[in-house]
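Open the model in your viewer and switch to a cartoon view. We will go from one stop to the next, selecting as we go.

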Amino acid sequence: MIRHFVMLRFRDDVSAATKAALYAELAALGDHLPGMTGFHAGPNVSVETDLIRGNRDAFWVDFTDAAARDAYLADDRHRDIGERLAGLTVDGLDGITVVDMEV
């Protein structure tokens, strides 16, 4: 299984409702992408505030394997959501950190 983590530094003007709507769109990708088995999103509640580097929000997606993850990355809906996310983060793509792990 692949767990795809995405840490986000949203701009201060991005509302909780906007974030929730984007997360709902991402979660809905599982309806048409085989192998997407889980989605979780929300605020970073770490007490290690000096170490979060401004990543106050995050989500992760679970995939059955690397092929399912790769299909997600190539998906047009995912790319559209990703472009909108980048437009809402501090310094665009620099406000997004991605980590994939085999679990």
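Is N55 buried or exposed? Select N55: its relative accessibility is 10%, so this residue counts as buried (buried is under 20% relative accessible area, exposed over 50%, partly exposed in between, with a 1.4 Å probe and protein chains only). This is a predicted model, where local features need pLDDT of at least 70, side-chain atom pairs count only at pLDDT 80 or more, and totals for chains, interfaces and linings use all residues. Residues are numbered from 1 along each chain as its sequence is written, and side-chain values use heavy atoms, leaving out hydrogens and water.

Stay with N55, which lies in the loop between β2 (36-43) and β3 (57-63). Helices (H or I, at least four residues) and strands (E, at least two) are DSSP runs numbered from the N terminus. Now show M7, L8, R9, N44 and T97: apart from neighbours within four places in sequence, these are the contacts of N55 (contact means heavy atoms within 4.5 Å).

Next, select the strands. Four of them form an open sheet in the order β2-β3-β1-β4, with antiparallel pairing (two strands pair if DSSP finds at least two bridges between them). β2 and β4 (96-102) are at the edges with a single partner strand each, so one side of each has no neighbour in the sheet. Zoom in on β1 (residues 2-8), which pairs with β3 over seven bridges in the antiparallel sense. There, V6 stands opposite F59 in β3.

Finally, pick helix α1 (residues 16-28): α1 lies across β1, β2 and β3 and runs at about 170° to β2. Such angles run from 0 to 180 degrees between N-to-C directions, with axes fitted to C-alpha atoms, for helices over the stretch in contact.
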